[in-house]
Amino acid sequence: MEYFPTILALVRAAIKQPNPVVVSQANRLVKALRMNGEDVEADAVSKLLEGRKRSSRIEPSRVVLSLAGLPGEKITPNVRPPVDKETGTSLADIRLPTPKGAELAPVLNTTLQISVSSLIEEWQNIDQLQAVGVRPPLNCMLYGAPGTGKTRLAHVIGLEVGLPLVTARLDGLISSYLGTTARNISALFAFANRYKCVLLLDEFDAIAKVRDDPHEVGEIKRVVNTLLQCLDARSQLGITIAITNHEHLLDSAIWRRFDTRILVPKPDFQSRFHIVERYANSLDLTQPELRFLVWLTDDFSGSEIETLANALKRSAVLSTAKKFMFLKAIATHAMLSANHQKYKKWRQLLGPTESLAGVLNDDKDLAFTQEDLAQILGKDQSTISRWTRKLKEQETI
Ligand SMILES: Nc1ncnc2c1ncn2[C@@H]1O[C@H](COP(=O)(O)OP(=O)(O)OP(=O)(O)O)[C@@H](O)[C@H]1O
Ligand SMILES: [Mg+2]
């Protein structure tokens with residue numbers, strides 16, 4: 001069978017995610033192959049289906065075993081976080097595990113999604129790996145531009161692994177008294193090592209800065225040295241996730257302690273499309289309008305896209321009496337957010353609609369039809385075709 005390797009690869013990819021429709025279609029394929037006398041091919045698909053059943057059967061027990069694999073007591077609702085001895089301020093927040101899926105994961109590009117899933121899988125199966133003498137690194141650094149979903153991602157990873165999340169509180173940790181910050185860091189790690197948990201160090205650069213900063217005195221050296229010792233000790237005991245958007249400020253010895261470093265980038269075109277869809281879903285936008293927003297949010301972080309979508313939603317609510325003016329609402333947001341100062345595309349938005357039509361018409365990737373442009377710009381199609389004709393004539397002169 002000429003295309004069988006491709007079919008097999010498709011089946012393998014499709015049944016990775018348990019989906020009853022895909023499984024029943026694959027079973028039908030096995031039957032059809034047998035009826036045709038193609039037993040070798042039928043056996044190959046059957047084996048894949050068997051493998052899927054095996055792995056989905058052992059998955060739950062793997063997870064239970066894995067939690068036993070890490071040392072530490074269980075955090076109950078009565079467990080209090082550690083505090084600064086002098087001020088009594090909490091050094092951490094504790095979040096007990098909630099059902100998986102309770103928090104929506106940030107939209108990630110496909111490669112990143114695969115990497116994060118494999119990290120979660122390793123952490124869910126620490127014991128399995130240990131049994132064969134392979135120990136996964138227990139620490140991970142998430143870094144990247146502000147607002148790209150790093151904190152949200154860390155929470156989702158924690159939930160997926162099924163452990164409580166102990167998030168360090170910078171206001172509690174950092175003290176102006178000499179030696180107190182280092183002592184607080186030790187107390188935080190001692191707490192995290194005592195219990196089975198994921199330790200989350202958000203805004204990590206605040207405590208892990210380069211030690212030779214000329215503006216800092218001996219204190220930062222003491223803090224970073226303590227942190228290095230604590231990270232080394234914890235590397236065998238529990239999961240740690242550090243987050244920063246200033247990775248260049250980190251001390252190089254600290255950076256080296258993290259075997260897994262995940263760059264969370266600004267979303268690409270495809271991811272922006274999903275983010276726009278997620279946050280603007282109640283607006284009932286048409287496909288061309290959605291694609292226009294994706295075009296407009298080039299170089300935006302996920303958080304900036306969410307802010308734009310929220311502004312549009314507010315405009316839509318307040319313009320119930322009239323028709324929701326899509327382009328006008330975006331232009332208003334441009335002024336209020338100063339996006340027109342920062343992004344060239346947003347400046348074009350505030351210029352004549354005719355030139356914006358020209359820019360959108362010329363963008364080959366967007367491939368907007370005149371009907372699409374009419375919808376986005378709130379004009380009739382004859383106006384759009386008149387504008388584009390005029391622009392073409394000007395180009396040929
Ligand atoms: N990729 C994304 N997909 C969906 N929503 C996102 C994405 N990125 C950011 N957001 C939205 O923006 C909010 C803020 O993101 P978050 O605080 O996780 O970003 P961050 O990278 O930690 O930012 P900072 O570096 O400023 O701390 C999220 O709660 C989410 O609502
Ligand atoms: Mg953050």
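Tutor: Leu165 stands opposite Val198 in E4. This is a predicted model, in which local features need pLDDT of at least 70, side-chain atom pairs count only at pLDDT 80 or more, and totals for chains, interfaces and linings use all residues. Residues are numbered from 1 along each chain as its sequence is written, chains are lettered from A and ligands numbered from 1 in the order in which they are written, and side-chain values use heavy atoms, with hydrogens and water left out.

Student: In which sense do strands E3 and E4 pair?

Tutor: Strands are DSSP runs of E, at least two residues long, and helices are runs of H or I of at least four, both numbered from the N terminus. Two strands pair if DSSP finds at least two bridges between them. E3 (residues 165-168) and E4 (residues 198-201) have three bridges, and the sense is parallel.

Student: In what order do the six strands form the open sheet?

Tutor: Strands of a sheet pair through backbone hydrogen bonds, either parallel or antiparallel. Here the pairing is mixed, and the order is E1-E3-E4-E5-E2-E6. Strand E1 (92-95) and E6 each pair on one side only, which makes the edge strands E1 and E6.

Student: Which residue stands opposite Arg261 in E6?

Tutor: Strand E2 (residues 139-143) runs parallel to E6, and four bridges join them. The residue opposite Arg261 is Met141.

Student: Which residues of strand E6 are on the covered face?

Tutor: In a regular strand the side chains alternate between the two faces of the sheet. In E6 (residues 260-263), Arg261 and Leu263 make up the uncovered face. The covered face holds Thr260 and Ile262.

Student: Which residues of helix H18 are buried?

Tutor: Buried means under 20% relative accessible area, exposed over 50%, and partly exposed in between (1.4 Å probe, protein chains only). What covers the buried residues of H18 includes helices H12 (287-296), H14 (326-337), H17 (353-362) and H19 (381-396), where contact means heavy atoms within 4.5 Å. In H18 (residues 370-377), the buried residues are Asp372, Leu373, Ala374, Ile376 and Leu377.
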